[in-house]
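These are my notebook entries on a structure that is new to me. I set down what I looked up, in the order in which I looked.

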Amino acid sequence: NINNALNDYLNYLEIEKNYSKHTILNYTLDLEGFRKFLGEITIENVDYLFLRKYLALLKEKNMGLRTVGRHLSTLRSFFRFLTREGFLKTNPILVLSSPKLDKHLPQFLTEGEVIKLIDSVVPKDDKDQLGFRDRAILETFYSTGIRISELVGLNIDDIDFISCVVKVRGKGKKERMVPIGDQALGAIKRYLEIRLQQTNALFLNKFGRRITDRGVRDIVGKYLHLASFRQGISPHTLRHSFATHLLQNGYDIRTV
């Protein structure tokens with residue numbers, strides 16, 4: 001039964017793989033399309049030709065190669081689970097090849113451009129809480145190279161000001177310790193010194209609640225505009241810039 005199989009698989013992702021709700025939602029949406037395509041066909045009767053027809057349908061919907069590849073990756077994981085758990089005797093997707101994607105080098109800023117971006121944040125006065133927050137956000141992004149979802153999830157007690165490390169909760173709710181530089185720590189301290197709200201969340205919006213992904217994107221976009229940067233720069237660009245500058249300054253690629 002496809003519905004039972006899907007429920008077992010999604011429970012596996014949540015309980016055993018410890019995936020986030022956002023990731024599980026994406027898997028659910030991908031598999032819902034496949035379930036509809038199955039119709040009355042049982043999961044045991046799915047074969048290579050059936051899967052090829054499904055991929056052809058996705059392409060007919062004008063999906064990009066990356067989107068089709070993501071759907072295929074979801075199906076690979078699903079059928080691997082079904083085979084391992086004994087729902088299927090053989091895995092029909094093993095012989096199906098993934099669409100070839102053009103490889104694009106990620107965009108990054110030069111060190112001078114990063115300095116220009118961060119220096120574009122000028123607090124109005126000594127009590128400009130949002131101005132000092134914005135400066136701390138950009139400094140933290142560049143100093144740690146963490147993802148936007150990881151940054152908004154930071155709490156004050158995740159910052160170790162003595163050891164100069166940050167406890168980050170990443171994909172799959174996995175925790176790791178990330179080094180953070182003096183510039184970023186100084187910006188965070190200055191922000192916390194003037195912050196009025198007493199809450200453990202590190203970065204807050206103007207209403208005193210934990211800032212959202214969208215809020216951070218708006219902040220970065222605002223200062224990119226003020227600094228007259230080119231289009232296509234995002235918070236993730238700072239992550240790529242962080243890694244690129246480490247490599248340019250002699251760090252081993254495995255370490256990065």
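What is the volume of the largest pocket? I found a volume of about 820 Å³ for the largest pocket. I note at the outset that this is a predicted model.

**Entry 1: the largest pocket**

I next looked up the lining of the largest pocket, which consists of 28 residues. The closest to the centre of this pocket are Ser20, His22, Thr23, Ser149 and Lys171. I then asked which elements supply at least two residues each, and recorded helix 2 (21–38), helix 4 (65–84), helix 7, strand 2, helix 9 and helix 10 (235–248). Helix 2 gives the most to this lining, with 5 residues. By class, I recorded 11 polar, 10 charged and 7 nonpolar residues in the lining of the largest pocket.

**Entry 2: the second largest pocket**

I turned to the second largest pocket, which holds about 490 Å³ of space. Its lining has 21 residues, and the closest to its centre are Ser143, Thr144, Phe242, Ala243 and Leu246. Helix 6, strand 3 (175–179) and helix 10 are the elements that give two or more residues to this lining. The largest share, 6 residues, comes from helix 10. I recorded the classes here as 10 nonpolar, 8 polar and 3 charged.

**Entry 3: the nonpolar cores**

Which residues have the most contacts inside the largest nonpolar core? I listed Leu117, Ile137, Leu138, Phe141, Leu151, Phe203 and Val216, in a core of 40 residues. At least two residues of this core come from each of helix 5 (111–119), helix 6 (129–144), helix 7 (148–152), strand 2 (165–169), helix 8 (182–194) and helix 9 (213–226). Helix 8 supplies the largest share of the core, 6 residues. I also noted a second, separate core of 29 residues, and Leu13, Phe50, Leu72 and Phe79 are among them.

With neighbours within four places in sequence left aside, leucine 151 is in contact with Ile137, Thr140, Phe141, Ile146, Phe203 and Val216.

I looked up leucine 138, which lies in helix 6. Why does leucine 138 count as buried? Leucine 138 is buried because its relative accessible area is 0%, and the cut-off for buried is under 20%. Beyond its neighbours within four places in sequence, leucine 138 is in contact with Leu117, Ile118, Val121, Val220, Tyr223 and Leu238. I also recorded a separation of 16 Å between the C-alpha atoms of leucine 138 and proline 179, which are 41 residues apart along the chain.

Arginine 133 lies in helix 6 as well. Is arginine 133 buried or exposed? Arginine 133 counts as buried, because its relative accessibility is 7%. Its side chain makes a polar contact with the side chain of aspartate 134, at 2.7 Å.

**Entry 4: leucine 57**

My last entry concerns leucine 57, whose place is in helix 3 (residues 48–60). With a relative accessible area of 25%, leucine 57 is partly exposed. From C-alpha to C-alpha, I recorded 44 Å in space between leucine 57 and lysine 167, which are 110 residues apart in sequence.

Conventions. Residues are numbered from 1 along each chain as its sequence is written. This is a predicted model: local features need pLDDT of at least 70, side-chain atom pairs count only at pLDDT 80 or more; totals for chains, interfaces and linings use all residues. Side-chain values use heavy atoms; hydrogens and water are left out. A nonpolar core is a set of buried Ala, Val, Leu, Ile, Met, Phe, Trp, Tyr and Cys residues joined through side-chain atoms within 4.5 Å. Buried means under 20% relative accessible area, exposed over 50%, partly exposed in between (1.4 Å probe, protein chains only). Helices (H or I, at least four residues) and strands (E, at least two) are DSSP runs, numbered from the N terminus. Contact means heavy atoms within 4.5 Å. On a 1 Å grid over the protein atoms alone, a cavity is a set of points where a 1.4 Å probe fits but cannot get out, and a pocket is an open set with protein on both sides within 12 Å along at least five of seven lines; lining residues have an atom within 4 Å of a point. Grid points are joined across faces, edges and corners, and a volume is the space filled by probe spheres set on the points. Ala, Val, Leu, Ile, Met, Phe, Trp, Tyr, Cys and Pro count as nonpolar, Asp, Glu, Lys and Arg as charged, and the others, Gly among them, as polar. A polar contact is a pair of N or O atoms within 3.5 Å; within protein, one must be able to donate a hydrogen and the other to accept it, and residues adjacent in sequence count only if both atoms are side-chain atoms.
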